[in-house]
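Let's take a walk through a protein structure together. Have the sequence and the 3D view open as you read.

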Amino acid sequence: MSQLHTLFWLRYRIFRNSLTTRGEMARKILNTVLLLIPVLLSVGIGIGLFLLLLFVEQARTPIMNGGMTTVLATLLFLMLISQSTGASSHFDPSKFALFPIKFGKLYVLNLMSAVGEFSMLMVLPSMAGMLLGLGFAYGHIFGGVIVFLLALLWVTSLFICTGMLFAWLLSGRKRSREILFALLIGLMTVGGQLLPRFFITPQGRGLMRWLLPYRDIITTVIDWTPIGVWSFFFRHLVEGETATAYIRLVLVCGIWISLALAIGLRLFTRLATSPRASSTASRVPRGKRAAATNTFLSFHLPFVPGQIAVVIAKELRYFARNPATYLTIISSLIFPLLFFRTGRSGTNSNLWISGWIVYVFAMNLQYFAGLFAYDAAGFRLYLLVPIRWTRLLLGKNAAIWLLVTTQITLVLLSAELLDHNLTFEKVYIAGCSMLSAMAMYSVVGNYVSIYFPYRINFGVPARRRENWSGISLLVQFALLFGVMGLLLLPIGAAYWFRAPKMLYFLFAVLVVASWTVYFLFLETQAKLLAARRFDIAETLTRRTEKV
Amino acid sequence: MVNPSEVAQFTSPASSVTPAPIALRLRHLTRRFGDFVAVNNLNLEVRRGSFLGFLGPNGAGKSTTIKMVTGLLAPSQGQIEILDRDLEAEPIAVKRLIGVVPEDLNLFDRLTGAEYLTFVGRMHELERHVIAERTAELLHVMELEEKPKALIIEYSHGMRKKISLAAALIHNPQVLFLDEPFEGVDAVAARVIKNLLERMRERGVTIFLTSHILEIVERLCTDIAIINHGRLIVSGPLDELRAQAGTNLEDYFVNLVGGERPLADTLSWIG
């Protein structure tokens, strides 16, 4: 059996062997169906773009002169952001370090398999639609196909190169590097959103005016980029400068593709032998006893049982050491400040406040619905220590409440700093919305965590969710919209009956009702957790093979 | 050489010994995974203060048994009593009495060693100053105090075993369960663990150990129980069994669980 054949066989066997039960099979099918929806949407957009260019003549020029570059740059940016989750299925070179196989061969396989990756499938149809559409529309079918093939190779090599870069960055399991990485990704995400808004501000317009004389230089530079050269190619092809078009296309694409491939291969080879664990923590000289016992986990809370307090402390420690938390905080702070400012007045203002509270909760949904996701094997410790399950649930929920409260307080304070008009009504609505959402998210999140537990590996190259169920995603969507609907009820009722005081009363009722429901369900959930503890431990520790 | 059929004559545990308080009692313990029976109607009694080596070949059911006994896996059938308390009926009380070092270590990787011990100590509701003192002492004894800021994920395998053992000891358990504590541990760490276990046995702690390293079992254990294909095939005081078998533990064990396989006519391509 050839090595190439063996590798594909390995992928198939691992997939086949993972379908051990009917439930597992149903879960995989459901997940595939759920993924198919956005993929089909993406294919639809690609076909739409192709038909648009083929039949609507007016659409061709704007797309060729900059539109295509902007759209593809945005799509590629989103693709790179999605790669930071490590959710790709590259062959992991370190698993093959002992076999007599060339890394180059594995690397080529990775390039080939990248075409089927989810984030690639979100980009490729639009790219194909535009490039083939322009080629067909202008009667240069061969040119369209060539430019598409080169674009495909470039995007694939870029995908693998950045995937390797992210994996390499995280391979040392160094916390500082992981947090730096998370902050970078967070800033890139936020930056991508802020940039277009910046250009409509007076400062942004000023910058545009300043750049105007340099437009030709900027265009020339863009024409030497892999995305820009595709526009350049079609522009010159239409003008009859076929040779110039092809020479520039092959030259520019060749340079960029070679560069991405070379960097990717270098990183790929390094990854094969990079250390999986390293210890950079400072040493204390032998014989000198460290004062390591006064830890953060010793902290006590008044009136709170020690076991609950230590679960909260442990969870807070995990939040602080988890790069995903920093991403969540950045996202939940920036977007409400940009879009849901408190400067608005009346019913509108109340709607916006409830809106961004729901948004912050949506950002933190993974913590509510994955109470045990980061515990992994540590969950089994809860089976060995004398803690009641009610306390465990309370402790874990309380830690998330603290995290969310911190974020919402920061948003409120920042909004006050920017707008200086934080009124009692706004704080009251924000507080009530937060308290109600907290209780409702906890009730549903606990059930989801108990019935559909999954593991998230953090701090390792593959930080994807493992043993994850698509049903859990559906429940989370329902929760998101359900809570939004409930928070809108008091606002709607007050507006409908033109009774502003009703708003205060109904929000208070909502808070009391949601917390009553939380405490009514807590004991039942604890019993359920006790009954399902072995299944949860099994799911959290089950190894999912990745090659 | 001892024939397995002869062994059945002395399977009754500690029959000739004056009845001692029982630390662990298993009655008809069974665990099925679908059609496969991993542990089959296991009956066993472990005397208080004894050091039991629980032996068996790979896949015999050792880890499944220890997981059931410590509450990490639900039995399909049977009863488990630890220090006269039923595990099913009084899980919290039993957990206060036992310490466990499982084969797949249950560690929170993103805590430091000191944080992890503090966490476990507080879970056992120990006083704050007691946790601080014991944590410091355990880190010192286990030689884990050199890197106070290192997270457990950065620990070597031996260090992880040691921190797991330290966590199992912090609440002063009366019965200690150790599943392969010497697997993947270097000689220095193994010496530390062995010395510690000997000291614990001297102080009256009941220890239940599974290990593939028979020299260690021979050196440390007072009693052994051997399991194969999920069934207990022999149990009793080690000296007594050895004397009756007239051989060392390794030969005795290999004969009991299936004997040696001839190597002739195999691996013909080597060399």
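Predicted model: local features only at pLDDT ≥ 70, side-chain atom pairs only at ≥ 80, totals over all residues.

For chain A, the pLDDT averages 80, and 79% of the residues reach at least 70.

Now turn to chain B. Two packed helices are described by the angle between their axes and the distance between the axes. Find helix H4 (residues 113–123) and helix H5 (residues 128–141) of chain B, whose axes come within 10 Å and cross at roughly 135 degrees. H4(B) and H5(B) are therefore oblique to each other, and the crossing of H4(B) past H5(B) is right-handed.

Which residues of H4(B) and H5(B) meet? On the H4(B) side they are B:Gly113, B:Ala114, B:Leu117, B:Thr118, B:Gly121 and B:Arg122, and on the H5(B) side B:Ile131, B:Thr135, B:Leu138 and B:Leu139.

Finally, go back to chain A and look for A:Ile63, which sits in helix H3 (residues 57–83). Is A:Ile63 buried or exposed? Its relative accessibility is 13%, so A:Ile63 counts as buried, the cut-off for buried being under 20%. Apart from neighbours within four places in sequence, A:Ile63 contacts A:Leu52, A:Leu53, A:Met68 and A:Met130. The C-alpha atoms of A:Ile63 and A:Leu49 lie 10.0 Å apart, with the two residues 14 residues apart along the chain.

Technical notes:
Residues numbered from 1 in each chain as written. Chains lettered and ligands numbered in written order. Heavy atoms only, no water. pLDDT = per-residue confidence, 0-100. Axes fitted to C-alpha atoms, helices over the stretch in contact; angles between N-to-C directions. Helix = DSSP H or I, 4+ residues; strand = E, 2+ residues; numbered from the N terminus. Parallel < 35°, antiparallel > 145°, perpendicular 65-115°, else oblique. Left-handed = near helix turned anticlockwise from the far one by under 90°. Contact = heavy atoms within 4.5 Å. Buried < 20%, exposed > 50% of the residue type's maximum accessible area, 1.4 Å probe, protein only.
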